[in-house]
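Here is a short note for a colleague opening this entry for the first time. Please read the points alongside the sequence and the model.

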Amino acid sequence: CTVIFTRLATRDLHKPISILFCNLAVSDLFTSFSGFWISMLFITNPDITIFGSKDMLAPYALYTTSILSTIYNLVSIGIERYLAVAESMRTRFRVARNHSIAVVFINWVLAFFLGCLPLMGWNCLHGERSISVLYSPFCVDYLVFITIPNVVVAFIIPLFTYLRIIIILRKRKLRMQACGQATGTYKLAESQVARTSISIWLLALVSYAPFFAGVIFDATNQRCHIDLYPGVYIFRNCTAMLITLTCLGNPVLYTLKLRTLGAKLKALRCLSANRVRACTI
């Protein structure tokens, strides 16, 4: 919420990358909200989160939608950064504000469509054949359908884009060294991109790999709910906690300027105080 408020209240939102950052914060907010909804259902009626119920379809659908939107936003940010770095080299394409708005719209449409498929009928409320043990009443084939392609997208595309960014920066640094020019700026940019890329990969690996492993276990498991209780469900809850922690990690990774963020909040507070003082006078 702090990231959303700060970017909406300042002129940073005029930049294409800031639109993607703000949308990523919205996705994280939806993930936190849906996770809280599921937690409240677990507190009030734990059995429906284990054995499944019609009441779980809507929160699980919102949870899936928000996770998919986060993944698509992360991929979009990686592509935008690559195009921004490669702009002066081989491509004449420039990412504009309208492009970012269109990408945000497409991401949400795709996320809502895939996430709400169980609400449209692809669920196992009336069938026990392929019902998910961890995420009842979702079907196992639905979880496999949305998990495997999106995991590939979430890991392969950012890998390509960030590696290409590092390679481009290194080539520029070597070219400037050959011309006898200072390369301190490119060294700093290269190290920052490398640190950010490693952090992104570690956060995504720690957050989504256990969830992916849970889906694979769900697809290959043949035992019923009671036989897996409570160990497997503790693991499921831990994966949900890791995904929620991603919502806290994303603003840190993609702003990387906590002092700047604090300074902007302080400036906004001072601006509001000055307006109040002026109105009083």
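How many disulfides does a search of the whole structure find?

1. The search finds zero disulfides. A disulfide here is a pair of cysteine sulfur atoms within 2.5 Å. Cys 22 counts as buried because its relative accessibility is 8%. Cys 238 is at 38%, so it counts as partly exposed. Buried means under 20% relative accessible area, exposed over 50%, and partly exposed in between (1.4 Å probe, protein chains only).

2. A word on the basis. This is a predicted model, in which local features need pLDDT of at least 70, side-chain atom pairs count only at pLDDT 80 or more, and totals for chains, interfaces and linings use all residues. Residues are numbered from 1 along each chain as its sequence is written, and side-chain values use heavy atoms, leaving out hydrogens and water.

3. The protein chain has ten helices and zero strands. Helices (H or I, at least four residues) and strands (E, at least two) are DSSP runs, numbered from the N terminus. Of the chain's 281 residues, 45% count as buried. Take the contacts between residues at least 6 apart in sequence: 75% of them join residues at least 24 apart. Contact means heavy atoms within 4.5 Å.

4. An unreviewed UniProt entry places "transmembrane region" at residues 17–40, 60–79, 100–122, 142–167, 198–217 and 233–256. Such positions are given in the numbering used here, feature names are shortened, and annotations may be inferred rather than shown by experiment. In the model, residues 60–79 are 100% helix and 0% strand, with end C-alpha atoms 29 Å apart. Residues 100–122 are 70% helix and 0% strand, and their end C-alpha atoms are 32 Å apart.

5. Asn 73 deserves a look. It lies in helix α4 (residues 57–86). Is Asn 73 buried or exposed? Asn 73 counts as buried, because its relative accessibility is 0%. Leaving aside neighbours within four places in sequence, Asn 73 is in contact with Leu 20, Asn 23, Leu 24, Ser 27 and Asn 107.

6. Asn 107 leads on to helix α5, as one of its buried residues.
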